[in-house]
Amino acid sequence: MKKNTSSRRDFIKVTGHAGVAAGLSMTILPSLVKAENEFLADSAFTQHALPYAYNALEPVIDAMTMEIHYSKHATGYAKNLAEACAAEKVNTNSEKLENLLRNISKYSTKMRNNGGGHYNHELFWQCMRPGTAAKPEGNLAAAIDRSFGSFETFKTQFSDAGKNRFGSGWAWLVQTPDHHLVVTSTPNQDNPLMDISEVKGTPLLGLDVWEHAYYLKYQNKRPDYINNWWNLVNWDFVAKRMM
Ligand code: MN3
């Protein structure tokens, strides 16, 4: 594995589709640069390159965890999604992944687990960025205040959703169809786009609370992982996803 220590600016000079192959963090799709809110506009069914190096999120998330998470777990979801699409006659050139997820009850469990797994991880990588802790600004900050009362109240609700998810799953900040923001959590690789989800809407921010996301560094201490994870949130990306 080639180590990459260049800055984000250097990453975005290099474009291409090399992210389809596991373990390549040197490149980023042009679509990710131009409009992050349309992060799945191109080749939504394939795995894109990480927008930063495996070690870029240290010390919050260690390089080994990122490498295994991206190149084994997430790559596996993308591969199994491709198999499910082939078996269930989904044309990945014309079908929209979001649309498939909105109708997931019509497909197999393999499609649900891996379509969700692939989408959730592609979103998750973009929801994080190297650097120092930040807070939401502008419209997103105002929407959070309107929906939750304060940023701190939102943070507590979201953290609790992650801490209290029994077993494996995700915590989400969701924009509902009537444009409210809500916090929810889903089991396994489900997400709020899915028609089987209790709370439905557009996932703006997702947090992976599967043990594979934190166990090497945090072991059983999921709350510590969640508390530290706030330092990584890419609020600009989250804000751009609001409709
Ligand atoms: Mn994961």
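# Exercises on a predicted model

The protein chain has ten helices and three strands, where helices (H or I, at least four residues) and strands (E, at least two) are DSSP runs numbered from the N terminus. This is a predicted model, in which local features need pLDDT of at least 70, side-chain atom pairs count only at pLDDT 80 or more, and totals for chains, interfaces and linings use all residues. Residues are numbered from 1 along each chain as its sequence is written, and side-chain values use heavy atoms, with hydrogens and water left out.

## Exercise 1: the chain as a whole

Solution. Buried means under 20% relative accessible area, exposed over 50%, and partly exposed in between (1.4 Å probe, protein chains only). Step 3: the protein chain exposes about 11200 Å², and carbon and sulfur atoms supply 51% of that area. Accessible areas come from the Shrake-Rupley method with a 1.4 Å probe; for residues, only the protein chains shown count as cover.

## Exercise 2: a second residue of α3

Task: Place I68 in the chain and name the surface patch that includes I68.

Solution. Step 1: I68 is also a residue of helix α3. Step 2: with 32% relative accessibility, I68 counts as partly exposed. Step 3: M64, I68 and L216 make a nonpolar surface patch of about 280 Å². A salt bridge is a side-chain nitrogen of Lys or Arg within 4 Å of a carboxyl oxygen of Asp or Glu.

## Exercise 3: a pair of helices

Task: Describe how α6 and α7 cross.

Solution. Step 1: the axes of helix α6 (residues 138–148) and helix α7 (residues 151–164) come within 8 Å and cross at roughly 75°. Axes are lines fitted to C-alpha atoms, for helices over the stretch in contact, and angles run from 0 to 180 degrees between N-to-C directions. Step 2: α6 and α7 are therefore roughly perpendicular to each other. Angles of 65 to 115 degrees count as roughly perpendicular, under 35 as roughly parallel, over 145 as roughly antiparallel, and the rest as oblique. Step 3: I144, D145 and F148 of α6 make the contact with F151, T153, F154 and Q157 of α7.

## Exercise 4: backbone in the loops

Task: Describe the backbone at P59, N188 and Q219.

Solution. Step 1: most residues other than glycine have a negative phi, and most peptide bonds are trans. Step 2: the peptide bond from E58 to P59 is cis, with omega near 5°; P59 lies in the loop between α2 (30–34) and α3. Step 3: N188, not a glycine, has a positive phi of about 55° and lies in the loop between β2 (181–187) and β3 (202–208). Step 4: Q219 has a positive phi near 50° and sits in the loop between α8 (215–218) and α9 (222–229).

Conventions: Patch = residues over 30% accessible without salt bridge, like charges linked within 9 Å, V, L, I, M, F, W, Y side chains within 5 Å. Contact = heavy atoms within 4.5 Å.
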